[in-house]
Each structure stands twice: as C-alpha cells, then as structure tokens.
Amino acid sequence: MTSEVSLRPVTPGDLDLFEREFATEDGTGPFQWFGFTPTHRLRARHAEDGLLGPDGGMLTVTAAGAAVGRVEWFASAWGRPGTSSCWTMAVGLFPAARGRGTGTAAQRHLVRYLFAHTRAERVQAFTDHANLAEQRALEKAGFTREGTLRSAQWRAGRWHDQVLYSVLRADTPLWNEEPR
C-alpha cells in the first residue's frame, strides 16, 4: 500500500471531500476533533494561493490514485523566527485509509518534500499522548520522540498532553532518497 501513496496539490473537489469526511468526530477521529469549524477560509485561501504559501501549506494524500486525506505544514519557531524557525506538520486521513501504513508514507513524503524544497533543518510533529497509532507512524517515518508537552492542547472540554517528535535534515539519508 505505501508504494501507492503520493502527495499532490489540493483541488476544489478535494475540498469537498475534506469537508464531508472531516465534518464530524467519526471522520476526524477523537484526537483531531476540535468541534465544528467554518470552511470558507480554507476555500478562500485555496482560491488565493492553492494552499501553498511561504508560511505553510496543504497537500492531498492519495493512495492508488484516490484522495484519502491531507497533510499540512506551518511555520513554527523556537526563538526568533528569522533564525530559529522550523516546520510543524500534521496528517489527517479518512477513516477507511487508517491503519494501512498510509499515514507513515504520507508523512515521509512530506518530510522529503519539505527538505527538498525549503531550507528547513527541522520538521516536527506532535500528537496526543494517548494516540499510540500516530506515535508509531511518526517513529516508522523516521521521527525521534523528544518529550511531552504538558497540557498543551485544549480539546473535548479539557487540556491534553502532547508528545513532540522531530526529524532533522541530517538524521538519515532517507530524506535524500526517492521513495521505494
């Protein structure tokens, strides 16, 4: 399955799919459900820049040619943004695509893309401390667990601890190789 996974720019039809698939907690899963949110800003941004800008972006995840989710990245900083910035990334898969290695492959593709097309030295991701599937996916994708961010995310009426992961450009030659 993972050799069939790829990334491509988001189309207007993908936005319709995202809106439909991620509209409820069943669609996002319990670790990504932040309540109902308007979609007009995402559509306006897509019309403006195709969801690909200097401060981040979004790509559609495909498996066997069909859209199965999305990956996103946004700028973060651990000091002054001009000298201490990195990318933070996230993945959201439709329920039918989960548990098949698709997320691992998509995250690996996104890291490879960001290292090839930006000057980033660091790509990071975080997930809920109870989201063991995503922690495994990040580790399989080559990320290193760095630690726990206590009470870092408000969701479902309470604060949740998050686990921080990162990969550095120099960590492994994997990022300079083409997918197999």
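In the predicted model, residue A156 is located in the loop that lies between strands β7 (144-155) and β8 (158-168). Although A156 is not a glycine, its phi is positive, at about 55°, and with a relative accessibility of 73% this residue counts as exposed. Most residues other than glycine have a negative phi. A positive phi, of about 65°, is likewise found at L51, which is not a glycine and which is placed in the loop between α3 and β2 (52-53). The relative accessible area of L51 is 0%, so that this residue is classed as buried, the limit for that class being under 20%.

Burial is also a feature of strand β5 (residues 85-93), in which 7 of the 9 residues are buried, so the strand is largely enclosed by the rest of the structure. Strand β5 is joined to strand β4 (residues 66-77) by 9 bridges, and these two strands run antiparallel; within this pairing, A90 of β5 stands opposite E72. With strand β6 (residues 122-128), by contrast, β5 runs parallel, and 2 bridges join the two strands. T88 has Q124 in β6 as its bridge partner.

Two helix pairs were examined in terms of their packing. Two packed helices are described by the angle between their axes and the distance between the axes. For helix α1 (residues 12-21) and helix α3 (residues 40-49), the axes come within 11 Å and cross at roughly 165°. Because angles over 145 degrees count as roughly antiparallel, this description applies to α1 relative to α3. The crossing of α1 and α3 is right-handed, and the contact is formed by P12, L15, D16 and E19 in α1 together with L42, R43 and H46 in α3. By class, this contact of α1 with α3 comprises 3 nonpolar, 1 polar and 3 charged residues.

For helix α5 (residues 102-117) and helix α6 (residues 132-140), the axes come within 8 Å and the crossing angle is roughly 45°, and the two helices are therefore oblique to each other. The crossing of α5 and α6 is right-handed. On the α5 side, the residues in contact are T104, Q107 and R108, which meet E134, A137, L138 and K140 in α6. The residues of the contact of α5 with α6 divide into 2 nonpolar, 2 polar and 3 charged.

Technical notes: Residues numbered from 1 in each chain as written. Predicted model: local features only at pLDDT ≥ 70, side-chain atom pairs only at ≥ 80, totals over all residues. Heavy atoms only, no water. Axes fitted to C-alpha atoms, helices over the stretch in contact; angles between N-to-C directions. Helix = DSSP H or I, 4+ residues; strand = E, 2+ residues; numbered from the N terminus. Parallel < 35°, antiparallel > 145°, perpendicular 65-115°, else oblique. Left-handed = near helix turned anticlockwise from the far one by under 90°. Contact = heavy atoms within 4.5 Å. Nonpolar A, V, L, I, M, F, W, Y, C, P; charged D, E, K, R; others polar. Buried < 20%, exposed > 50% of the residue type's maximum accessible area, 1.4 Å probe, protein only. Pairing = 2+ DSSP bridges.
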